[in-house]
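Me: I'd like to go through this model and ask what stands behind each label. Could you set the values against the cut-offs for me?

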Amino acid sequence: MIDGGHLDRVGRPVTLRPVDDDNWRAVADVAPRDDQRRFVAALGARYLLLSMRSGVWTSLAVYADETVVGHVMWGVDDDGSHWIGGMLIDAAEQGRGVGRATVQTLATWLGAKDGNPPVRLSYHPDNTHAATLYGSLGFQPTGAMDDDELIAELLL
Ligand SMILES: CC(C)(COP(=O)(O)OP(=O)(O)OC[C@H]1O[C@@H](n2cnc3c(N)ncnc32)[C@H](O)[C@@H]1OP(=O)(O)O)[C@@H](O)C(=O)NCCC(=O)NCCS
């Protein structure tokens, strides 16, 4: 379990846990709002399959207290940079501070790994909700793109 000590806005501890035999169904069922489907997969299930098949990404279940409320994944690029991806908080749980706590927790954990690697993520330029969140946590666009997404790096 990755526990950065962060709470959401209603006081629930937000933790990141391995996907296992007990929680995988709940993670697979995590879904964005319909209008967010142009930015992310329609279900957490897509990211779980990507993690299983790619050998690059590791999916994590996002918990608020003891409830699965989202999915996030991390991976290491060839240049050693560590990436956050598959950031998806269930539509019913958005706006409660879970996304902020999730990114804070994972970014801090990744950045503390051996050699303090750069921590990066990407987002669609039209995804203002995500851009605001990442920017407020210290992620700045690098000027590079990954397909149609802006790449941002955590500047400490
Ligand atoms: C983006 C996402 C992960 C944020 O998670 P969340 O739990 O809703 O976010 P939080 O409640 O922690 O809010 C974090 C910040 O987002 C912004 N935000 C929250 N709700 C918002 C809304 N309805 N409109 C615009 N910005 C909003 C605010 O800047 C907020 O800052 P604050 O904490 O100072 O209030 C979530 O909305 C989501 O899963 N969206 C669909 C998938 C997606 O776009 N993922 C990112 C791909 S790069």
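Me: What makes Phe 39 and His 124 contacts of Glu 149?
Reply: Contact means heavy atoms within 4.5 Å. Glu 149 touches Phe 39, Ser 122, Tyr 123, His 124, Pro 125 and Ala 144, with residues up to four places away in sequence not counted. A word on the source: this is a predicted model, where local features need pLDDT of at least 70 and side-chain atom pairs pLDDT 80 or more, while totals for chains, interfaces and linings use all residues. Residues are numbered from 1 along each chain as its sequence is written, and side-chain values use heavy atoms, leaving out hydrogens and water.

Me: Why is the pair of Tyr 123 and Tyr 134 called tilted?
Reply: A search of the whole structure finds three aromatic pairs. In this one, the centres of Tyr 123 and Tyr 134 are 5.8 Å apart, with 45° between the planes. Rings of Phe, Tyr and Trp (its six-membered ring) pair if their centres lie within 6.5 Å; planes under 30 degrees apart count as stacked, over 60 as edge-to-face and the rest as tilted, so 45° gives tilted. Tyr 123 lies in strand β5 and Tyr 134 in helix α4, so the pair ties together parts that are eleven residues apart in sequence.

Me: And what makes the pair of Tyr 134 and Phe 139 edge-to-face?
Reply: Here the planes are 65° apart, and the centres 6.1 Å.

Me: Why do Tyr 134 and Phe 139 count as buried?
Reply: Buried means under 20% relative accessible area, exposed over 50%, partly exposed in between (1.4 Å probe, protein chains only). Tyr 134 has 8% and Phe 139 has 2%, so both are buried.

Me: How do you know that the buried residues of α4 share a side?
Reply: They are Ala 130, Leu 133 and Tyr 134. They cover an arc of only 95° around the axis, which puts them on the same side of α4; the arc is that of the directions from the helix axis to the C-beta atoms. The face turned away carries the exposed Thr 128 and Thr 132.

Key:
Helix = DSSP H or I, 4+ residues; strand = E, 2+ residues; numbered from the N terminus.
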